[in-house]
Amino acid sequence: MSEAKIIAVAGATGAQGGGLVRAILAEPDGGFAARALTRNVNSDKARELADLGAEVVEADLDDPDSVNKAFVGAYGAFCVTFYWAHMSPDTEGAQAKTMAEAAKAAGLKHVIWSTLEDTRNWIPLSDSRMPTLMGKYKVPHFDSKGQVDFVFDEMGVPTTFMQVAFYWENFIHSGPKKSGDGPLLLTLPLQNRKLAGIATEDIGKCAYGIFKRGVELVGHRVGIAGEQLTGEEMAAKLSRALGREVAYNGVSAETFRGFGFPGAEDLGNMFQFYAEFDEVVNASRNVDKSRALNPELQSFDMWLENNAKLIPLE
């Protein structure tokens with residue numbers, strides 16, 4: 001048997017990277033090996049990956065030398081950044097450039113860059129329908145990824161650009177809320193449009209499917225989703241899974257931006273982009289193509305069957 005191809009996985013203890021590491025390890029004869037990159041090799045999550053059979057190495061996306069060393073000898077890499085750790089487009093751009101430069105230097109054969117749309121291609125800064133944030137972004141956590149896609153291309157890094165969807169795990173962190181004696185409320189500014197969603201473990205499995213497909217997907221944009229649902233459809237499914245009535249509370253994007261929690265403006269703009277350009281967003285995240293990459297792809301009902309008990313009802 002030929003030697004396994006090493007995939008260096010950034011963010012290996014996070015949602016996307018962790019899902020990919022586990023997908024690789026779940027198929028020991030699949031021809032790939034997982035090299036898990038983490039800032040703290042002694043963390044509980046890092047030790048768990050090591051126990052499962054991953055090669056765990058220390059690397060910090062803010063330390064180019066550590067990333068360069070972590071990519072040496074690998075076949076490919078999964079490159080992802082976590083905007084919400086710092087909420088800085090400049091930091092995210094620098095981290096993406098660090099990974100692209102390391103991939104080029106190591107001569108990697110296939111890289112996945114986990115990216116999102118630069119919404120300014122549809123909503124220019126001059127468009128007053130949506131407030132401009134930080135002086136030059138509409139949806140900072142989208143735009144900051146999309147605006148550095150060209151870096152991978154310009155450096156000649158063989159890259160597949162993977163666009164993910166809304167994490168259903170977000171409902172575990174912020175589930176439907178009580179509304180007095182009435183039903184639980186699922187509050188989102190989606191109008192009556194469909195939202196592309198996915199289970200985080202399926203992101204990793206889809207990424208693994210991209211690596212298995214190989215260089216035929218280099219240069220392509222691949223959008224993934226488990227299902228596309230309206231707010232009312234999600235509320236109905238949550239009601240059945242939770243055994244409690246959940247009603248969809250369709251507020252305006254302006255109202256959502258005013259909720260005041262960290263990132264509320266960014267997320268309010270994101271949902272407005274989802275709603276006003278739903279055809280663009282949903283067309284680029286194809287459920288059937290995602291299932292072809294990951295035959296175990298979960299629907300929202302399937303995800304709820306395993307995770308409804310984790311959703312707080314407060």
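Analyst: Helices (H or I, at least four residues) and strands (E, at least two) are DSSP runs, numbered from the N terminus. The model is predicted, with local features requiring pLDDT of at least 70 and side-chain atom pairs pLDDT 80 or more, whereas totals for chains, interfaces and linings use all residues. Residues are numbered from 1 along each chain as its sequence is written, and side-chain values use heavy atoms, leaving out hydrogens and water.

Asp127 is buried, with a relative accessible area of 16%; buried means under 20%, exposed over 50% and partly exposed in between, for a 1.4 Å probe and protein chains only. The side chain of Asp127 makes a polar contact with that of Arg129 at 2.6 Å. Such a contact is a pair of N or O atoms within 3.5 Å; within protein, one must be able to donate a hydrogen and the other to accept it, and residues adjacent in sequence count only if both atoms are side-chain atoms.

The loop between β5 and α5 also holds Met134. Met134 is partly exposed, at 48% relative accessibility. Its phi is positive, about 55°, although Met134 is not a glycine. Most residues other than glycine have a negative phi. Met87, in the loop between β4 (76-79) and α4 (89-106), likewise has a positive phi of about 55° without being a glycine. Met87 is partly exposed, with a relative accessible area of 32%.

Aromatic rings provide a further topic. The structure holds 18 aromatic pairs. One of them joins Phe256 and Phe259, which are tilted, with 5.3 Å centre to centre and 55° between the planes. Rings of Phe, Tyr and Trp (its six-membered ring) pair if their centres lie within 6.5 Å; planes under 30 degrees apart count as stacked, over 60 as edge-to-face and the rest as tilted. Phe256 is buried, at 7% relative accessible area, while Phe259 is partly exposed, at 42%.

Finally, helix α1 (residues 15-25) packs against helix α8 (residues 200-213) at an angle of about 60°, with their axes 7 Å apart. Axes are lines fitted to C-alpha atoms, for helices over the stretch in contact, and angles run from 0 to 180 degrees between N-to-C directions. The helices α1 and α8 are therefore oblique to each other, since angles under 35 degrees count as roughly parallel, over 145 as roughly antiparallel, 65 to 115 as roughly perpendicular and the rest as oblique.
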